[in-house]
Every structure is written in C-alpha cells, then in structure tokens.
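I opened my notebook beside the model.

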Amino acid sequence: GTKGWEIRAEVADALLEVEAEVMDKESFGSNALAERLYEVVGEEESEIELVGLCTDICVISNALLLKAFLPEVPISVDADCCAGVTPQSHANALEAMKLCQITIRSSL
C-alpha cells in the first residue's frame, strides 16, 4: 500500500486502453505468472516478450522461470524497455538470458 508499490499513472492509464491483466508478484520470479501464461499460451504457437525493472533481478528471474515452465515457447526480452540496478548488471543479465535461449531485442 505504499507509493513505491503503485503503478505509475501513465502506465495505469495505458493499461486501461488495452486488454491487460495486472498481476501482483509474490517474489522476484512469479509462479503465478508462469501458471497464468501456461493457461493462456498452453500448446499454442505463441511468443512471450518481457519488459520491466530490474533486468538483473525480476526480469531475469521471470524469464528463466518461464523458459523452464514453457520450454518450447519462444521468450524474448526487449532490452530497451528494461533497466538494471547498474548498466553493467543489466548487460550481465541480458548475456545470461541469451545463454539460456532467450532472445534479446534492442534497437540500440
């Protein structure tokens, strides 16, 4: 219930414009997210793209969890829509995800 946990107003407004489902994560990596995406994606040909903060904590945790939970589903991370605790830890996380067959996208 603190201000730090609130979604920014601009993001909340944008979520209202699309069919978005907001989930509260119980930890860095979210089992509930993996289970929900399994329900949505199942065996269908789909792709999951992740963005978020922090690349080196939450994004990598969820990317690896999803890769283990949905091994045949292509998973990508938009590096331009992520940030780490430091630029170096961001880059390290992106490299680690590449090694685990997660596609890293960047227009930079």
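I started with Ser30, which sits in the loop between helix 1 and helix 2. I took helices as DSSP runs (H or I, at least four residues), numbered from the N terminus, with strands as E runs of at least two. This is a predicted model, so local features need pLDDT of at least 70 and side-chain atom pairs pLDDT 80 or more, while totals for chains, interfaces and linings use all residues. Residues are numbered from 1 along each chain as its sequence is written, and side-chain values use heavy atoms, leaving out hydrogens and water.

Is Ser30 buried or exposed? I found Ser30 buried, because its relative accessible area is 2%. Buried means under 20%, exposed over 50%, and partly exposed in between (1.4 Å probe, protein chains only). The Ser30 side chain reaches the backbone nitrogen of Leu33 at 3.0 Å. Leaving out residues up to four places away in sequence, Ser30 touches Lys25, Asn62 and Leu65. Contact here means heavy atoms within 4.5 Å.

Next I checked Ala20, in that loop between helix 1 and helix 2. Ala20 counts as partly exposed, because its relative accessibility is 38%. I also looked at Leu64, 44 residues along the chain from Ala20: their C-alpha atoms are separated by 22 Å.

Then came salt bridges. Side chains of opposite charge can pair when their charged atoms come close. The rule asks for a side-chain nitrogen of Lys or Arg within 4 Å of a carboxyl oxygen of Asp or Glu. How many salt bridges does this rule give? The count comes to six.

One of them joins Arg36 and Glu21, at 3.0 Å from N to O. Arg36 lies in helix 2 and Glu21 in the loop between helix 1 and helix 2, so this pair ties together parts 15 residues apart in sequence. Arg36 is partly exposed, at 29% relative accessibility.

Arg36 also forms a salt bridge with Glu39, with the closest N and O atoms 3.0 Å apart. Glu39 and Arg36 are about one helical turn apart, because three residues separate their positions in helix 2. Glu39 is exposed, at 57% relative accessible area. Shared partners join Glu21, Arg36 and Glu39 into one network.

My last entry was Lys67, in helix 3 (residues 55-69). Lys67 is buried yet has no salt bridge. Its nearest side chain of opposite charge is Glu72, 7.2 Å away. For charge, Lys and Arg count as positive, Asp and Glu as negative; His and the chain ends are not counted. Lys67 touches residues including Val73, Ile75 and Cys100.

Note on methods: Polar contact = N/O pair within 3.5 Å; in protein donor to acceptor, adjacent residues only side chain to side chain.
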